[in-house]
Every structure is written in structure tokens, then in C-alpha cells.
Amino acid sequence: MVNVDPESLRRDFPVSHALLMHDGTMTHQLTRLFGPVHAVQTGAKTEGETVTRWSTIYHTESGTPLLQARLVIASQNLPEGLMTRLSSGNRLFGGLVTEAGVPVRLTDRVLYRSDLPGGAWGRRHRLLRADDGALLCDVDECLAEEDTLRRLLRAPLPDDGAK
């Protein structure tokens, strides 16, 4: 973990900043900035009512990976059928939650720099139901390198950072 100065991140890694420094689901940011995206589940493990899901999110048009994700999902707090839809297709968790009408709130955000070659940025956080604070999932998202993200942009970055 590193102590991240948001202004340095915005200046030096503007696309990563826009993707990491917001309080909603990653799905909305990815589709807004890159167009259509899809998920490929790379692993899953169920322990009681907790499901850990590993996936890679791809830019659909080019097939380029945009991020690696690990979600530790509290399945008992999700609408009926959501886990089935998540595991049976290529939809992103955030899109399914939004589609189901579940209001969300992000807490405990921690940014980090990957120790993989290229030093991509990532974040860990908790996604809660905004209405009652129930845990939906613990999230770890590690982005592709800034140059890759910049090359695939389809929309301008927000002027204010990442609203």
C-alpha cells in the first residue's frame, strides 16, 4: 500500500484517477469512458453465504483487459436470482446490482500501486446497500496500465476528477 496524493494521481494518471476516485460502481465508470465492456469469470469459491469471484473485465470492442477484480460477495444480501445471473453470463456485478434497483454506497476505499510490471493502480473498498448499510461485497480492482487505458478512452475525462 502507498499513501496516494489524489492530486498527483489526477495529474500523472488521469484515467486511473477517474476510475478509482468515485463513490459508485466501477461498471458505470467503465462503460461511460470505454463503451461496452464484459466480464469473464476466472474463478469462484463458495463458503456458506460468501462467494469469492475472480474475474477480468474486458473492453468488448478490442478484447483488451481493463481490470482484474476479486469480489467477496455476501450473497444473502443480494436480490434473489442475482448470483445466478452473475455466474451464468458475462455481466459485471455493478451493472446487475444497478439493474436490480439496489442503491449502493462505497466505503473504506484504499488505493494501491500494483507491484506487477508497469505498476498499475488499484483500489480496495466495501460496497454496501445505501438504504440499510448491509454489506454487498468487498472489492479489489486492479486496473490495466495507464497507457492502455488512455489508448482505449471513448469519452472525455470528467473535469472535476471522477464524479
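**Entry 1: Thr-27**

I looked up the burial of Thr-27 and found that Thr-27 counts as buried because its relative accessibility is 15% (buried is under 20% relative accessible area, with a 1.4 Å probe and protein chains only). I was working with a predicted model, in which local features need pLDDT of at least 70, side-chain atom pairs count only at pLDDT 80 or more, and totals for chains, interfaces and linings use all residues. Residues are numbered from 1 along each chain as its sequence is written, and side-chain values use heavy atoms, with hydrogens and water left out.

I placed Thr-27 in helix 3, residues 26-34 (a helix is a DSSP run of H or I with at least four residues, a strand one of E with at least two, numbered from the N terminus). Beyond its neighbours within four places in sequence, I found Thr-27 in contact with Leu-92, Gly-94 and Gly-95 (contact means heavy atoms within 4.5 Å). The Thr-27 side chain reaches the backbone nitrogen of Gly-94 at 3.5 Å.

**Entry 2: the lining of the largest cavity**

I noted that helix 3 supplies at least two residues of the lining of the largest cavity, as do strand 2 (50-59), strand 3 (65-74), helix 5 (93-99), strand 5 (121-129) and strand 6 (135-143).

**Entry 3: Ala-155**

I located Ala-155 in the segment after helix 6 (146-152). Not counting residues up to four places away in sequence, Ala-155 touches Arg-32 and Leu-33. I also recorded that 6.8 Å separates the C-alpha atoms of Ala-155 and Phe-34, which are 121 residues apart along the chain.

Terms used. Buried < 20%, exposed > 50% of the residue type's maximum accessible area, 1.4 Å probe, protein only. Polar contact = N/O pair within 3.5 Å; in protein donor to acceptor, adjacent residues only side chain to side chain.
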